Amino acid sequence: MPDVTSPDFDDHPERALLDRLEEYYDAIPRHGARVEDHGPLTLFVREGQGWPFYARPARGWSGPLQPTDVQKVRARQRELGIPESFEWVAETTPTLRAAAEESGLVVHEHPLMVLDPGTPAADVDGSSGNVSVRLIGADDPMLPGALAVPHLAFAEPGTHVGLAGAPQLTEAINACIADGSVERAIVRIRAGLTAVAAAVEHGSVLSAGQHQLLAGVSEIVGVGTLPAARRRGLALAVTEALVADARSRGAATVFLSAGDDDVARVYARLGFRRVGTALIAEPAE
């Protein structure tokens with residue numbers, strides 16, 4: 001990937017794609033957040049309950065960023081009682097990483113991958129036996145499970161078979177219902193902002209994920225498999241279903257951030273290619 005500080009980068013074919021993703025990244029949180037302008041950084045503050053948002057580079061900002069810029073936003077996040085979190089694309093805003101690290105944050109890298117419009121998704125069948133992979137509507141009884149499974153998956157990261165199984169899934173489902181996650185998802189699904197797909201076996205969700213469509217661009221997010229059900233190709237099948245749905249709804253650009261290089265190789269089987277690096281900065285644990 002070329003360095004955006006290079007004078008030749010403006011003419012590189014990836015620049016238009018990364019600019020399109022920047023527009024998406026700036027627009028998508030605005031449906032559920034209050035927006036605060038902090039000069040070179042924009043802070044999104046969630047309105048109501050739900051997963052908290054983050055700060056990111058202001059749309060169109062092309063100048064350098066300093067540790068003091070990050071520290072100012074972190075102070076505001078602490079004042080609001082929200083996570084001190086920042087998200088951005090390394091190639092688009094190269095100076096933010098050093099500023100974030102000098103302010104005391106830890107930066108995590110994730111392969112940023114895009115499925116080219118002309119690249120067909122691989123013919124990967126994640127169904128076997130009694131497993132079915134399908135879109136989950138707002139009234140589908142499998143929706144709570146589809147929202148709960150990724151939480152368990154991310155609590156046990158990686159691709160190895162893990163410990164969390166049916167008992168933990170029941171607890172996670174109850175938590176999603178209790179905290180309003182299911183009701184919020186229903187609203188978003190009915191509004192066309194979110195689509196959910198899941199792999200279901202014997203009435204239980206084993207893998208699930210979402211895509212969020214806006215102005216011809218959709219990001220696949222939150223794809224995860226119940227740790228005890230890994231190594232069956234279920235996440236790949238769910239991703240394929242999400243890609244197909246996104247395209248059917250008019251998405252010309254479908255992208256995602258992989259957890260690591262191993263996961264990125266899995267997504268490459270569906271035709272995704274790496275175009276950059278998504279960065280997340282947060283305090284050390």
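Contact here means heavy atoms within 4.5 Å. Keep that in mind for the close-ups below. The model is predicted, so to speak of a local feature takes a pLDDT of at least 70, side-chain atom pairs count only at pLDDT 80 or more, and totals for chains, interfaces and linings use all residues. Residues are numbered from 1 along each chain as its sequence is written, and side-chain values use heavy atoms, with hydrogens and water left out.

**View 1. Ser-207 sits inside strand β8.** Helices (H or I, at least four residues) and strands (E, at least two) are DSSP runs, numbered from the N terminus. Is Ser-207 buried or exposed? Ser-207 is buried, with a relative accessible area of 0%. (Buried means under 20% relative accessible area, exposed means over 50%, and partly exposed is in between, using a 1.4 Å probe and protein chains only.) Skip the residues up to four places away in sequence, and Ser-207 touches Val-149, Ala-197, Ala-198, Ala-199, Gly-224, Thr-225, Leu-234, Ala-235 and Val-238. Look for Gly-145 too: 62 residues separate Ser-207 and Gly-145 along the chain, and their C-alpha atoms are separated by 9.0 Å.

**View 2. Helix α4 (residues 143-155) packs with helix α5 (residues 166-178).** The angle between α4 and α5 is about 115°, and their axes are 8 Å apart. (Axes are lines fitted to C-alpha atoms, for helices over the stretch in contact, and angles run from 0 to 180 degrees between N-to-C directions.) That makes α4 roughly perpendicular to α5. (Angles under 35 degrees count as roughly parallel, over 145 as roughly antiparallel, 65 to 115 as roughly perpendicular and the rest as oblique.) From α4, the contact uses Pro-144, Gly-145, Leu-147, Ala-148, Val-149, His-151 and Leu-152, while α5 brings Gln-168, Leu-169, Ala-172, Ile-173, Cys-176 and Ile-177. Sort the residues of this contact by class and you get ten nonpolar, three polar and no charged. (Ala, Val, Leu, Ile, Met, Phe, Trp, Tyr, Cys and Pro count as nonpolar, Asp, Glu, Lys and Arg as charged, and the others, Gly among them, as polar.)

**View 3. Helix α4 also packs with helix α6 (residues 181-190).** Here the angle is about 110°, with the axes 10 Å apart. That makes α4 roughly perpendicular to α6. On the α4 side you'll find Leu-143, Pro-144 and Leu-147, and on the α6 side Ser-181, Val-182, Ala-185, Ile-186 and Ile-189. The classes in this contact come out as seven nonpolar, one polar and no charged.

**View 4. The largest nonpolar core has 48 residues.** (A nonpolar core is a set of buried Ala, Val, Leu, Ile, Met, Phe, Trp, Tyr and Cys residues joined through side-chain atoms within 4.5 Å.) Which residues have the most contacts inside this core? They are Leu-143, Ile-220, Val-254 and Phe-272. Helix α7 (residues 234-248) gives the largest share of the core, seven residues. Zoom in on Val-254: leaving aside neighbours within four places in sequence, Val-254 is in contact with Met-113, Val-114, Leu-115, Ser-218, Ile-220, Val-243, Ala-246 and Phe-272. There's also a second, separate core of 16 residues, and Val-70, Leu-96, Ala-99 and Ala-100 are included in it.

**View 5. His-202 and Arg-231 each have a positive phi.** Most residues other than glycine have a negative phi. For His-202 the value is about 50°, and for Arg-231 it is about 70°; neither residue is a glycine. His-202 is in the loop between β7 (195-201) and β8 (204-214), and it is exposed, with a relative accessible area of 63%. Arg-231 is in the loop between β9 (217-225) and α7, and it is exposed as well, at 65%.

**View 6. Thr-93 and Pro-141 are both loop residues.** Thr-93 lies between β4 (86-89) and α3 (96-102), and Pro-141 lies between β6 (131-136) and α4. Thr-93 is buried, with a relative accessible area of 5%, whereas Pro-141 is exposed, at 66%. Apart from neighbours within four places in sequence, Thr-93 is in contact with Pro-57, Leu-65 and Trp-88. To place Pro-141, find Gly-165: the two are 24 residues apart in sequence and 19 Å apart in space, C-alpha to C-alpha.
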